[in-house]
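Open the viewer and keep the selection tool at hand. The tour moves from stop to stop.

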Amino acid sequence: MQNTFAMIKPDAVSKKYSGKIIDMVEQNGFDIVRMHKVRLTKEGAHQLYAIHKDRPFFNEMVDFITSGPLIIMVLAKDNAIQAWRDLLGATDPSKAAPGTIRSMFGSSIGNNAAHGSDSPENAAQELKLFFPDLK
Ligand code: IDP
Ligand code: MG
């Protein structure tokens, strides 16, 4: 079993898609190890998105991710990091495969409903940032 870090972003939370997304988590064989509804501070957003700090839309990302409550989760499954990325679909919902979370619940490349760590290194970092007590 592997852990990954997942987040239901403010767009999907405000549209009341959380339950549908959590249902997909469970139906696709992930175990929900931890789950919290939280609000990110600017500082938290800067830490989460540190790897994107030189992108032209960095401030837009920070404003969006701090715009409302989000749901953070630790998900466990065999090969969880890749499996969750596969279930998310492409970053741009209009390019995401049918049946993926972003294709079903995302509305733009920024407002794309959910997040998942993209590598073991980033998963370790994101899990430590949001769930520091997790062993
Ligand atoms: P990922 O979430 O699929 O890993 P990344 O390239 O790591 O995609 O980008 C992180 C997040 O930044 C995306 O999920 C999306 O919310 C936002 N983002 C990516 N590209 C754009 C863009 O061109 N405009 C606005 N926001 C973007
Ligand atoms: Mg990424």
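A residue counts as near a molecule if one of its heavy atoms lies within 4 Å of it. This is a predicted model: local features need pLDDT of at least 70, side-chain atom pairs count only at pLDDT 80 or more, and totals for chains, interfaces and linings use all residues. Residues are numbered from 1 along each chain as its sequence is written, chains are lettered from A and ligands numbered from 1 in the order written, and side-chain values use heavy atoms, without hydrogens and water.

**Stop 1: the shell.** Select ligand 1. Around it sit K9, H52, R55, F57, E60, M61, R85, T91, R102, I109, G110 and N112. This shell holds three nonpolar, four polar (Gly among them) and five charged (Asp, Glu, Lys and Arg) residues.

**Stop 2: polar contacts.** Look for pairs of N or O atoms within 3.5 Å. Pick R85, in helix α5 (residues 80-88). A polar atom of the R85 side chain is 2.8 Å from an oxygen of ligand 1. Next, select G110: a polar backbone atom lies 2.9 Å from a ligand 1 oxygen. Then N112: a side-chain N or O atom is 2.9 Å from an oxygen of ligand 1. Alone, ligand 1 exposes 530 Å², and the protein buries 83% of that (Shrake-Rupley, 1.4 Å probe).

**Stop 3: the record.** Which residues does UniProt list for "binding site"? The unreviewed entry gives K9, F57, R85, T91, R102 and N112; such annotations may be inferred rather than shown by experiment. The lining of the largest pocket includes K9, F57, R85, T91, R102 and N112.

How values were computed: A polar contact is a pair of N or O atoms within 3.5 Å; within protein, one must be able to donate a hydrogen and the other to accept it, and residues adjacent in sequence count only if both atoms are side-chain atoms. On a 1 Å grid over the protein atoms alone, a cavity is a set of points where a 1.4 Å probe fits but cannot get out, and a pocket is an open set with protein on both sides within 12 Å along at least five of seven lines; lining residues have an atom within 4 Å of a point. Helices (H or I, at least four residues) and strands (E, at least two) are DSSP runs, numbered from the N terminus.
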